[in-house]
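Colleague: I'm new to this one; could you walk me through how the helices pack?

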Amino acid sequence: MEKEQQKRAIEALLFLSEEPVKLDKLAAILSTTAEEAGRRIRELQEEHLSQGRGLQIFEAAGGYQMGTHPELASFLEEAFSEEVSSNLTNAALEVLAIIAYKQPVTRIEIESIRGVRSEHVLDNLLKRKLIKVSGRKEGPGRPLLYGTTPDFLKYFGLKDLGDLPELEVEEVEKEEEEAGEPENGTAQ
Amino acid sequence: MVEEAEYTIKLPAFEGPFDLLFHLVKKAEVDIWQISIADITEQYLAYLQSMKELNLEIASEFLVMAATLLRLKSKLLLPRSPKFQEQDEEEELFEINTAEELFQRLEEYRAFKKAAHYLRQMEEDQKKVFLRTTGGQKVMVFTRQESVYTIWEGAHHLSDIMQRFAKIAAQREYVPAFSAVEDFVIARKAEYIQSVLEKKKRPLPMKDFVTDSNIWELIITFIALLEMSRQKKVKLLQDKPFGPILVLAGENPPEEGESGEGTAEKSD
């Protein structure tokens, strides 16, 4: 297939697909290499950018997806207002953050970090398919282990888990620190 | 969010005791590692007190933390005996025995709270990008084998599989492996059972109503009989577990209009 044709085909495929499409899948459809397909995608991305188009192609959950440009959000919100789903609660985000960074993790481990029971929040996250049961922990009671799903990556626009910002934990080193140390990151 | 609400509402809602402690630390403008246990305990208790005055329900976790703080404080006040190694019984949610442990836990909570804050920002950003949704009409499936495979791949819950199946079944070209519902509607089976019973006028074993050898036929017959039994149209007898089931016509088939066709179709 000719390069231009490949590009058009990718654009059409991503336009129609609701889910992120993996690069090797695209390559297979176009009977080309993943490398070539990747090149076509980058060309498309540049075109969309340079021509200031309403759609953009981005990486999400290990694949490529087409969506609208963020600048157009206000128009689209107005037009599709009923389809905008509610934001996650603070509690849900806390639990998600713990799972995202510590997975696989049990409910008890999550609750111990938060200091609050979190069963209800976990149920809701399972329902929204942002987390899944990823197995059971060996040990007493073999508790369920939770992990994030591809939908989690999609929801937050992440390529993969490595795309998460680093967790900033200040290690103890209490003895050595001087009292004059400025409060690091305590103000959010 | 808590930080903003603080100025408008007297008592912001906290996600849990760590959230409240963290808030108090921030308000005191000190580093987590420099908190005075005595101060923080006092402020914490004062907060609980004001909650109480406002008749707010105080979750048990908050009380456990209050007890934990008081214990830490008392430990710091009492002279330590080097010989006496305290073996504390484990707390339900937090096993915090020293101030350092408390600080460590607070620090960990702070890190995740910050991560949650990042997630919120990403959520906001992502909310601005609209994706195509066609209500499950266009699932990209390249081969039939793959469509079957993707149903199971990475599924951890029955609901995963069911949702994926529903997506694929929504495609026009999907051909189901069997069409049980088409062929053996329970109501139709019930009509059949009714008519046979009326004709023969004697109890019959369940197997007499099973007209085909496949499992669905058996299941549908059984469900139909259960349903009819509930409606008192038949009586089911079984003298031992797994023994043959005998079907008797109900004494008074009630005409509740539940299945008008069932009685309308008399056999000649």
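Predicted model: local features only at pLDDT ≥ 70, side-chain atom pairs only at ≥ 80, totals over all residues.

Colleague: At what angle do α3(B) and α4(B) cross?

Modeller: Helix α3 (residues 37-53) of chain B and helix α4 (residues 60-77) of chain B cross at roughly 150 degrees, and their axes come within 9 Å. That makes α3(B) roughly antiparallel to α4(B), a label for angles over 145 degrees.

Colleague: Which residues of α3(B) and α4(B) meet?

Modeller: On the α3(B) side they include B:Ile40, B:Tyr44 and B:Leu48, and on the α4(B) side they include B:Phe62, B:Leu69 and B:Lys73; contact here requires C-beta atoms, placed from the backbone, within 7 Å. The residues of this contact of α3(B) with α4(B) divide into twelve nonpolar, one polar and one charged.

Colleague: Switching to α2(B), how far apart are the axes of α2(B) and α3(B)?

Modeller: The axes of helix α2 (residues 17-28) of chain B and α3(B) are 10 Å apart, and the two helices pack at an angle of about 120 degrees. That makes α2(B) oblique to α3(B), oblique being whatever is left after under 35 degrees (roughly parallel), 65 to 115 (roughly perpendicular) and over 145 (roughly antiparallel).

Colleague: And which residues make that contact?

Modeller: B:Leu20, B:Leu21 and B:Leu24 of α2(B) make the contact with B:Ile40, B:Gln43, B:Tyr44 and B:Tyr47 of α3(B).

Terms used
Residues numbered from 1 in each chain as written. Chains lettered and ligands numbered in written order. Axes fitted to C-alpha atoms, helices over the stretch in contact; angles between N-to-C directions. Helix = DSSP H or I, 4+ residues; strand = E, 2+ residues; numbered from the N terminus. Contact = placed C-beta atoms within 7 Å. Nonpolar A, V, L, I, M, F, W, Y, C, P; charged D, E, K, R; others polar.
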